[in-house]
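Hello,

Here is the structure I promised to pass on. Please open it, then read the notes below beside it.

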2 protein chains.
Amino acid sequence: MLVIWLTGISGAGKTTIANALSVELSKKKILHEVLDGDEYRAVLSPNDGFSMKERDNFRLKIISIAKLLTRNNILCIIPVLSSSRSNRKLARNEFSDFMEIYIKCPIEICERRDPKGHYKKVRSGKLKDFVGVDLPYEEPLNPEIIIESDVLTVSESVNKILKELGHNFPDIFH
Amino acid sequence: MLVIWLTGISGAGKTTIANALSVELSKKKILHEVLDGDEYRAVLSPNDGFSMKERDNFRLKIISIAKLLTRNNILCIIPVLSSSRSNRKLARNEFSDFMEIYIKCPIEICERRDPKGHYKKVRSGKLKDFVGVDLPYEEPLNPEIIIESDVLTVSESVNKILKELGHNFPDIFH
């Protein structure tokens with residue numbers, strides 16, 4: 001079963017779009033789970049920080065859970081920052097069906113949104129190793145879908161994603 | 001969906017019986033996963049030791065995965081040592097359908113089997129905090145099933161479990 005991997009910097013709208021997409025999949029009676037980075041990090045990596053090594057470990061845990069689910073025919077929507085191209089490729093290689101969706105948004109707008117107050121903490125020096133500020137975010141070169149979340153509404157974003165999914169996986173999204 | 005929780009000291013036969021049970025569920029086309037403690041510990045808690053706190057954290061991770069699976073109608077077989085009554089009760093409280101199976105075996109026999117060489121390490125002082133030796137294992141007081149793995153063969157154990165499951169969950173094990 002398919003993995004839908006949403007990547008993008010903090011505040012781009014990954015979780016919002018993932019949850020809105022989830023609502024539509026529920027309407028279509030497509031069995032799925034949203035493995036949200038923030039939510040599962042609290043359970044799976046309660047003592048970890050955000051170093052590259054710790055991020056790698058966390059991503060491996062999420063991948064291992066997604067394997068359990070997808071092999072039981074449960075689609076996985078995975079909104080996680082996943083800043084490096086090589087690591088997103090590693091994730092992709094673990095699954096036969098994988099759609100990478102780049103939730104693209106200028107950092108100035110993400111910082112203005114700042115839904116979790118992270119940027120404020122970064123600018124005041126309370127939070128370090130922040131992707132997009134201290135650490136690089138490597139934009140996807142060939143994602144299956146790009147969503148410009150400063151241009152499209154959430155609803156338009158979900159419609160665009162569903163259309164692409166329908167083209168690529170007609171058996172699932174009929 | 002049901003969680004089958006196998007508890008018992010190291011070497012009692014939890015993994016062996018879980019895997020043999022899995023074979024039978026596959027024959028019956030019952031969707032399920034075995035969440036083996038040793039296997040998932042390597043992925044979910046790669047840097048953790050075996051202190052009570054670290055064991056607690058690991059068990060919470062396994063429970064969180066089992067919730068994802070069971071709410072999608074996938075039965076979970078969970079062979080984990082889980083030494084304390086209160087913690088097994090915490091696990092039980094997380095699920096509407098829960099069967100606790102006590103894989104019971106005298107420690108002398110577990111030590112003779114020593115499938116992972118743990119007891120050897122414990123006796124030579126290379127391994128500490130070992131349940132059954134340094135730390136207590138609290139025997140279940142009212143498990144749904146008791147399997148005396150020094151008396152029954154693996155096949156007899158699985159048959160006994162299937163019979164009990166059939167009584168308690170006729171809709172699943174028809």
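Two strands pair if DSSP finds at least two bridges between them. Helices (H or I, at least four residues) and strands (E, at least two) are DSSP runs, numbered from the N terminus.

This is a predicted model: local features need pLDDT of at least 70, side-chain atom pairs count only at pLDDT 80 or more, and totals for chains, interfaces and linings use all residues. Residues are numbered from 1 along each chain as its sequence is written, while chains are lettered from A and ligands numbered from 1 in the order in which they are written.

The sheet
Chain A has an open sheet of five strands. Their order is E2-E3-E1-E4-E5, with parallel pairing. Strands E2 (32–34) and E5 (145–148) of chain A are the edges, so each pairs on one side only. From one strand to the next, the twist averages 15 degrees. Inside the sheet, E1 (residues 3–7) and E4 (residues 98–104) of chain A run parallel, joined by five bridges. Ile4(A) stands opposite Met99(A) in E4(A).

Helices on the sheet
Angles run from 0 to 180 degrees between N-to-C directions; axes are lines fitted to C-alpha atoms, for helices over the stretch in contact. Contact means C-beta atoms, placed from the backbone, within 7 Å. H3(A) packs on the sheet and touches E1, E2 and E3 (75–79) of chain A. The direction of H3(A) makes about 160 degrees with that of E3(A). H7 (residues 154–168) of chain A lies across E4 and E5 of chain A, at about 170 degrees to E5(A).

The two chains
14 residues of chain A are in contact with 14 residues of chain B. On the chain A side, H3(A) gives the most, with seven residues.

Best wishes

Methods
Two residues are in contact if their C-beta atoms, placed from the backbone, lie within 7 Å.
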